[in-house]
Every structure is written in structure tokens, then in C-alpha cells.
Amino acid sequence: MKRSQISPGGLEVSRMAYGTWRLLQTQPSPQEVNRRLHECLELGITTLDTAEIYGLYEVELKLGEAFALSPGLRDQFEIITKAGIYVPCSYHPQRRTAHYNATEPRLVKSLEKSLRFLGTDRIDLFLVHRPDWLTRADDTATGLNALLHSGKIGAAGVSNYSASQFDLLNGQMDQPLVTNQIEFHLLRPEPIHDGTLHQCEKSGVLPMAWSPLAGGQLFDLTNPAAVRLALAAESMSPRYNGATLEQLAYAWILAHPSHPIPVIGTNKIERLQLAAGADALVLEREDWYGLWEAAQGRRIP
Ligand SMILES: NC(=O)c1ccc[n+]([C@@H]2O[C@H](COP(=O)([O-])OP(=O)(O)OC[C@H]3O[C@@H](n4cnc5c(N)ncnc54)[C@H](OP(=O)(O)O)[C@@H]3O)[C@@H](O)[C@H]2O)c1
């Protein structure tokens, strides 16, 4: 697995990250999660994406238990976590409404909880999960700057921000934001056109692409786009040593000139191995556009 710096002189990450949103779907024991973490390392995937809210606030706890089983394991990963989404659930029954909160005190409190749950004293990269429509950028920046100065986070970034939201916050940071983690895949190519990826390129930061397989929708053959993609992948596959649609879909993301980092979401080891194999695929230009065309169901304009 290749490696990259996420920003100039910044954190080094693996070219693909492992995402833990769905980690608890199979109700794994800490031992099984520990095994998954070792599998990631064997594939060269050292960048781990999580969030306070994942598993309704329980994924970080499970990761912490898994890290505790192997002293030193945590230090082999770059841990990315996010804060800012709060929903009513059994863990927080007092909440009435799902909401965003990117104020200074809330970000600091969430970060402290992530550290406690993960059993670590630092987060390598801390992201604001969603733009909070009720918080001024200077308030969010004050929180992120305080965390950077405390050494509890190594770098700060955002997720699901528009280009202008990124610019506004970035202008108030003591250290520049290092990524914008966005939904980008064959069924959601909008970031190519809406300025988000251009903005990352301009700022010299690598975007992160969440749900790189559209959360599994790429394989839902009731969707005409998925049928067209399956046919396109079948015809391209011999040119790429028998690569599967999922590998071509990862390669499609990796090929964008802003160099996005796909965040892999599978719970299956064989699919994790396939994903890691996509790192070596270099799509020919016509095939990149061919996949775009198959997803859209029309020729490029
Ligand atoms: N920043 C944000 O707002 C945000 C939002 C969402 C996600 N994320 C991050 O992005 C990560 C990845 O998201 P994601 O899980 O949606 O990623 P994804 O890789 O697009 O989707 C994973 C889903 O697709 C299924 N799948 C994979 N290959 C398949 C195949 N060949 N056939 C059928 N189903 C297949 C997986 O099932 P199996 O497990 O059975 O393989 C899993 O349910 C998350 O874990 C999280 O870290 C961030």
C-alpha cells in the first residue's frame, strides 16, 4: 500500500483508510476487532477512520478494547476521529432531536470522550463531522486551535464541508486544516464539479472519500446505474488482470488528480484484501471516463 502526506509536511497516511462506521454490524468481540486491526496492518492500511457517533457512540469503545489487547497496537495506526453529530439514543436518552454542534466546548468535550474510549492520549487527526449551521467559524476554530495547542490532536480537518465553508474555517485556523472528508464515488461524482475537490487541490490537502462503493449500492442490480457499471467493469476487467467492479471503483477515486483517500467500509476480510489490491491499479483515461459514463448513463457533455 502506497503512502502519502495528507498535507504539505503533514501527517503520513496510507493511500486507503479503513472505516469503522459499520464495525458493530456483525457484533464482533474485542478479539475479532483486534484481528481486523492486524489484518489492516498486514495490508499496509494504517489509517483508521472512526467517529464519536459510530455505533451510536459505541464503536470507539470497542476499538479501545481491541487496542488494549495488544500493547503498542494503537501506535501503529493514524487515528482519525470526528465529532459534532448528536442524536437521541439509549446512551443519551435526554436528547430530543438529532443536531449538529461544532462549538468550542462541545468539540473539546467530545475529543476528551474519544480519548477515553479509545484508550489513547492523542488523536492524529480530528475532524468536525458536519458543518453546524448555528456556529460561527471563529467559535469552531477556537476549539480546534485549543486542541492543537494542547497536543491532544496532531492535526485538524473537516468533513462534509463545502469549499466556501472550508475556506471560512481555514482562514481562522492557527494551523491549516488538512482534509475534507466527503461523500465521493461513482454514484456521487458531484465533488468533481461543485468546487470541493478543486478547493482541496488549491489548499494542497488530500480529500478523503467516504462510502467509496456507495455504501454497497454499486452492487444493487435493481439500480440501472449498477447494471451499467457491472457491464462496463466486465468489459474492462481483462485489461486490469481480472479486476472486479469494486477494485475499479476504488481505482476510479484514486485516479482523480486531487488524490482522494478512499475510506473502506467492508466487514469482510476478502473484500478488504480486494480493496487493498486496487491501490496498484492505474486506470486508462478512456476507462476512467467509461466508468463515469456507465454510472451516469450518458456521454460526457
Ligand atoms: N464523514 C462522514 O460523514 C462519513 C459518512 C459515512 C461513512 N464515513 C466513513 O466511510 C467509511 C466507509 O463507508 P461505507 O461503509 O458506506 O463504505 P462502502 O465501502 O461504500 O460500503 C460498505 C458496504 O458495502 C458493502 N459491500 C462492499 N462490497 C460489496 C460487494 N462486492 N457486494 C455487495 N456489498 C458490498 C459492505 O458489505 P460487507 O461488509 O458485507 O462487505 C458494506 O455494507 C465508514 O466506515 C466511515 O469511516 C464517513
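Ligand contacts

Guide: An N or O atom in the side chain of S211 is 2.6 Å from an oxygen atom of the ligand, a polar contact (a pair of N or O atoms within 3.5 Å). The model is predicted: local features need pLDDT of at least 70, side-chain atom pairs count only at pLDDT 80 or more, and totals for chains, interfaces and linings use all residues. Residues are numbered from 1 along each chain as its sequence is written, and side-chain values use heavy atoms, with hydrogens and water left out.

Visitor: Which polar backbone atom is 2.8 Å from an oxygen atom of the ligand?

Guide: That atom belongs to N267. A backbone N or O atom of W21 also lies 3.0 Å from a ligand oxygen atom.

Visitor: How much of the ligand's accessible area does the protein cover?

Guide: On its own the ligand has 920 Å² of accessible area, and the protein covers 88% of that (Shrake-Rupley method, 1.4 Å probe).

Visitor: How many residues surround the ligand?

Guide: There are 26, counted when a heavy atom lies within 4 Å. The closest are R22, D49, S211, T266 and K268.

Visitor: What is the shell like by class?

Guide: Eight residues are nonpolar, 12 polar and six charged; Gly counts as polar, and Asp, Glu, Lys and Arg as charged.

Visitor: Different topic. Where is D124?

Guide: D124 is in the loop between α4 (104-118) and β8 (125-128); helices are DSSP runs of at least four residues, strands of at least two.

Visitor: Buried or exposed?

Guide: D124 counts as buried because its relative accessibility is 11%, and buried means under 20% (1.4 Å probe, protein chains only). The side chains of D124 and R74 are joined by a polar contact of 2.9 Å.

How values were computed. A polar contact is a pair of N or O atoms within 3.5 Å; within protein, one must be able to donate a hydrogen and the other to accept it, and residues adjacent in sequence count only if both atoms are side-chain atoms. Buried means under 20% relative accessible area, exposed over 50%, partly exposed in between (1.4 Å probe, protein chains only).
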